[in-house]
Amino acid sequence: MPSEQSHHDAWYSAEAEFLFSSPVLQAVRRRYLELLRQRLAAFTRRPSLLSLGSGMGEYECAVADQCRRIVGVELSPAGDERARARSAGQPNDHFV
C-alpha cells in the first residue's frame, strides 16, 4: 500500500495540473480566492498566515501581497517543490 506522501507526490507530479484545468474547478478556486482575499483585507495590519496542506502554493502566492509572512506546510516534496518555484522572488512566502 502506498504511503500518504507517495500518494501526494504522484498527485502533484501528474494529476493535479490536469484536474485543476477543469473549468468548474477553476471557477470554484477563483471564488475561494476571492473569499480569502476579502477575509485578509478585513485585518487592520497585514497578518501572518499558516497554510497547512499548502499543495503547490497557488493561494499562498496569490495573497502574498496581503500578508506580512506566509508559511505553507506540505507533506509532499513534489507539491512543496512546485510551491517554492511558484514563490520565487516573493520574500514573505516560505514553504516547508
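User: How many residues does helix α2 have, and how far does α2 reach from its first C-alpha to its last?

Analyst: Please bear in mind that this is a predicted model. Helix α2 covers residues 23–41, which makes 19 residues. From first C-alpha to last, α2 reaches 27 Å, close to the 27 Å expected at 1.5 Å a residue.

User: Which residues of α2 are buried?

Analyst: The general idea comes first. An α-helix has 3.6 residues a turn, so residues three or four places apart point the same way. In this structure, the buried residues of α2 are R29, L36 and L40. Viewed down the axis of α2, these buried residues fall within an arc of 35°, so they line one face of the helix.

User: What do the buried residues of α2 pack against, and which exposed residues does the face turned away from the buried side carry?

Analyst: The packing partners of the buried residues are α1 (4–20) and α3 (58–62). On the face of α2 turned away from its buried side, the exposed residues are P23, V24, V28, R30 and A41.

User: Let us turn to pockets. How much space lies in the largest pocket?

Analyst: Rolling a probe the size of a water molecule over the atoms shows where empty space is left. Here the largest pocket holds about 220 Å³ of space. Its lining comprises 16 residues, and S51, G53, S54, Y59 and E60 lie nearest the centre. Two or more lining residues come from each of α1, α2, β1 (48–52) and α3.

User: Which residues line the second largest pocket?

Analyst: The second largest pocket, with a volume of about 150 Å³, is lined by F20, Q26, R29, R30, L33, E58, Y59 and A62. The elements giving two or more residues to this lining are α2 and α3. The largest share, four residues, comes from α2.

User: Finally, where does S3 lie?

Analyst: S3 lies in the segment before α1. Its relative accessible area is 41%, so S3 is partly exposed. Although S3 and V73 are 70 residues apart along the chain, their C-alpha atoms are separated by 18 Å.

Conventions. Residues are numbered from 1 along each chain as its sequence is written. This is a predicted model: local features need pLDDT of at least 70, side-chain atom pairs count only at pLDDT 80 or more; totals for chains, interfaces and linings use all residues. Side-chain values use heavy atoms; hydrogens and water are left out. The expected span of a helix is 1.5 Å times one less than its number of residues. Buried means under 20% relative accessible area, exposed over 50%, partly exposed in between (1.4 Å probe, protein chains only). The arc is that of the directions from the helix axis to the C-beta atoms. Contact means heavy atoms within 4.5 Å. On a 1 Å grid over the protein atoms alone, a cavity is a set of points where a 1.4 Å probe fits but cannot get out, and a pocket is an open set with protein on both sides within 12 Å along at least five of seven lines; lining residues have an atom within 4 Å of a point. Grid points are joined across faces, edges and corners, and a volume is the space filled by probe spheres set on the points.
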